[in-house]
Amino acid sequence: MAVFVRSISGVLIILVMIGLGYILSRRGWFDEQSRRLIARLVTQIALPAYMISTITTQFSAQTLKSTLPDLRFPIVSMLIMFGLSVIAFHGFKIHPERRGLFEAMFANSNTVFVGLPVNEALFGPKSMPFVLVYYMANTTFFWTLGAYLIQRDGQGTATFNLVTTLKKIFSPPLLGFMLGVVLVLLDIQLPTWIMKDFSYIGGLTVPLSMIFIGTAIAGAGVQNIRLNRDSLGILFGRFLVAPTLMACLVIPTPMPVLMKQVFILQAAMPVMTNAPVVAKLYHADTDYAAIMVTETTLLSLVVIPILMVIVQQIH
């Protein structure tokens, strides 16, 4: 019971910030330009600083060397999820024009805007290294295979641009992660005042991420939520298949219990908020992507406490 109460408390912390973003957006504080600004602040400024601050304080060189090899588990999980997404596409009889979006949203989770605040609220800062390891795999898959699939929806025939893809993968958050890793491995100590700045700026990541989710939900419109085959397929993949698959992969291993719990929770996060952005860029079904972000984000507030109780039984 104590675990359930703690998980509910963690979700309520997040829900208050999401609600704030939603209410302020409905009151006219935020428009589309404001949402883009918040997203840029998080991904290009706050999150890279958060990565550097967290890694240099939570990692040691020894911990880092023992943790990074476990990157293989998210990678294997996402490869299998992509294969299962093809099967689910046919099984749920998804509209052909939504195939790429469906497969991308089925396989990738929102590891930053939702996953990072959720894990920090539930497990504390000690979970962040494991969150960041999962993030590395997720962002790489989304900006390669995921973006390719969505592009194929909108343009019929998709092309792969290596330079553009590398720019997306090696985004400011990932570069911040890599810089933090280098600093730890080389035992480089930055001046205290710089680290304080990274800490303060990085502290914006969680609240701004949650406010952004609230504004995104307001923008998509809760009234547009519909339960049909296209949405049920995504819900099935995100909240049932993905965490079950990850659990099957990590539970038999000797990795730390906290890492197992974080990986399973990260696998069950909602659809990536970047999905509608990429869909709009390539003239795919933007409304479908936005609605699925809204549906999965709202439903995750119910799923997370239940899943939290389950993962606490892992030893």
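**Exercise 1.** In which loop does Asp187 lie, and is Asp187 buried or exposed?

*Solution.* The model is predicted, so local features need pLDDT of at least 70, side-chain atom pairs count only at pLDDT 80 or more, and totals for chains, interfaces and linings use all residues. Residues are numbered from 1 along each chain as its sequence is written, and side-chain values use heavy atoms, with hydrogens and water left out.

Begin with the position: Asp187 belongs to the loop between α9 (172-185) and α10 (192-202), where helices are DSSP runs of H or I with at least four residues, numbered from the N terminus. Next comes the accessibility, for which Asp187 has a relative value of 57% and counts as exposed (buried is under 20% relative accessible area, exposed over 50%, partly exposed in between, with a 1.4 Å probe and protein chains only). Finally, the backbone of Asp187 has a phi near 55 degrees, a positive value in a residue other than glycine.

**Exercise 2.** Classify the ring pair of Phe92 and Phe236, and locate both residues.

*Solution.* Rings of Phe, Tyr and Trp (its six-membered ring) pair if their centres lie within 6.5 Å, and planes under 30 degrees apart are stacked, over 60 edge-to-face and the rest tilted; by this rule there are 4 aromatic pairs. The ring centres of Phe92 and Phe236 are 5.7 Å apart and the planes stand at 50 degrees, so this pair is tilted. The pair links distant parts of the chain, 144 residues apart, with Phe92 in the loop between α4 (72-91) and α5 (99-107) and Phe236 in helix α12 (residues 229-250). Phe92 is partly exposed at 24% relative accessible area, and Phe236 is partly exposed at 36%.

Another pair is Phe142 with Trp143, which is edge-to-face, at 5.1 Å centre to centre and 85 degrees between the planes. Phe142 is buried at 1% relative accessibility, and Trp143 is buried with a relative accessible area of 14%.

Definitions and conventions. Helix = DSSP H or I, 4+ residues; strand = E, 2+ residues; numbered from the N terminus.
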